[in-house]
Amino acid sequence: MYSVTILNNGEWATYGTVMYNSAYSSPDYFKIAQNFFLLEGEGKKILVDTGIDDLLDYTTPAQREQFGLTATKSTSQVLAEHGVDPSDIDILIITHLHFDHYLNARLFDRARIVINRNEYLHVLNPDNKPLLPRSSYPREVLAWLVDEAWDRVDLVEGEVEVLPGLKVVWTGGHTPGHQIVTAQTDEGLVIIPGDEVYLYDHVESLKPIGNHYDLMRHVDTLRYIRDLGGIVLPAHDPLVSQRHPTMRIGGKA
Ligand SMILES: [Zn+2]
């Protein structure tokens with residue numbers, strides 16, 4: 001059994017065309033959260049995705065005014081608030097290699113790093129250059145994964161039990177090697193869907209996101225996550241902190 005702590009760098013904004021498939025899209029901006037997750041169980045500390053620092057740098061003055069965006073917290077600050085040092089993390093699971101999910105990987109100098117094999121090979125393949133602008137795929141961190149972190153990277157495929165009761169499952173809709181995380185808690189199954197589910201609305205209304213690599217795999221993934229019937233914790237929904245005001249699931253017994 002695991003406890004899951006919802007970590008949050010703050011809020012920022014994105015385009016309606018990113019948020020929803022064009023059938024549902026609007027030109028409006030959406031306020032989004034930057035959630036990542038600390039799991040504790042089996043004597044280990046596991047982090048799912050890395051958060052990003054300086055969120056406001058990714059917004060415009062108009063967005064900051066529209067959404068009342070204020071100062072955000074660095075990943076180190078957020079972890080420190082929970083008494084966790086980056087060196088305490090035993091396992092870093094990366095759902096996918098988009099910048100806002102891996103940019104701070106270099107903080108974790110001791111963790112095993114779990115990445116889907118398709119994802120890793122996709123972003124390192126020069127054939128895919130047109131899909132991989134530097135802004136979304138910071139190369140200095142990819143280079144670090146290949147060099148300094150080489151001995152700590154575990155490439156996985158399909159569905160893998162990382163620890164008892166803690167799984168990664170390849171989904172491949174949002175990015176070729178996207179994986180979600182499921183963890184058993186004493187409040188039920190927690191599902192960390194990465195970016196297959198930006199907002200609760202995507203899984204609850206089965207509306208596809210706008211930024212997908214394989215649309216039908218993404219739609220199948222939304223159905224799969226819905227049918228798992230667990231507690232879903234979207235990466236970017238500001239409602240996560242409202243639905244879970246203690247920011248913690250499991251481990252209370
Ligand atoms: Zn993404």
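Student: Before we look at the overall size, how is the radius of gyration taken here?

Tutor: The radius of gyration is taken over C-alpha atoms, and the globule rule is 2.2 Å times the number of residues to the power 0.38.

Student: Great, and what does that give for this protein with its 253 residues?

Tutor: A compact globule with 253 residues would have a radius of gyration near 18 Å, and the protein has 17 Å, which agrees. Keep in mind that this is a predicted model: local features need pLDDT of at least 70, side-chain atom pairs count only at pLDDT 80 or more, and totals for chains, interfaces and linings use all residues. Residues are numbered from 1 along each chain as its sequence is written.

Student: What box do the C-alpha atoms fill?

Tutor: Roughly 45 × 45 × 35 Å, taken along the principal axes.

Student: And how many helices and strands are there?

Tutor: Nine helices and 12 strands. Helices (H or I, at least four residues) and strands (E, at least two) are DSSP runs, numbered from the N terminus.

Student: Which strands form the seven-stranded sheet, and in what order?

Tutor: The order is β6-β5-β4-β3-β2-β1-β12, in an open sheet with mixed pairing. Two strands pair if DSSP finds at least two bridges between them. At the edges stand β6 and β12 (248-249), each with a single partner strand, so one side of each is left without a neighbour in the sheet.

Student: How does β12 join β1?

Tutor: Through two bridges, with β1 (residues 3-15) and β12 running antiparallel. Val-4 stands opposite Ile-249 in β12.

Student: Which residues of α5 are buried?

Tutor: In α5 (residues 117-124), they are Asn-118, Glu-119, Tyr-120, His-122 and Val-123. A residue is buried if 20 or more other C-beta atoms lie within 10 Å of its own, exposed if 12 or fewer, and partly exposed in between, with C-beta atoms placed from the backbone. These buried residues pack against β5 (112-116), α6 (139-146) and β6 (153-156).

Student: Now the core. How many residues does the largest nonpolar one have?

Tutor: It has 62 residues, and those with the most contacts inside it are Phe-37, Leu-39, Val-48, Leu-92, Ile-93, Ile-94 and Val-114. A nonpolar core is a set of buried Ala, Val, Leu, Ile, Met, Phe, Trp, Tyr and Cys residues joined through C-beta atoms within 7 Å. Strand β2 (residues 29-41) gives the most to this core, with seven residues.

Student: What is Leu-92 in contact with?

Tutor: Leaving aside neighbours within four places in sequence, Leu-92 is in contact with Leu-47, Ala-105, Phe-108, Ala-111 and Ile-113. Two residues are in contact if their C-beta atoms, placed from the backbone, lie within 7 Å.

Student: What links β9 and β10?

Tutor: Five bridges in the antiparallel sense, between β9 (residues 179-185) and β10 (residues 188-192). Thr-185 stands opposite Gly-188, and Gln-184 has Leu-189 as its bridge partner.

Student: Last one. Where is Gly-210?

Tutor: In the loop between α7 (200-204) and α8 (215-228). Gly-210 counts as partly exposed because it has 18 C-beta neighbours inside 10 Å. The C-alpha atoms of Gly-210 and Ser-22 are separated by 6.6 Å, although the two residues are 188 residues apart along the chain.
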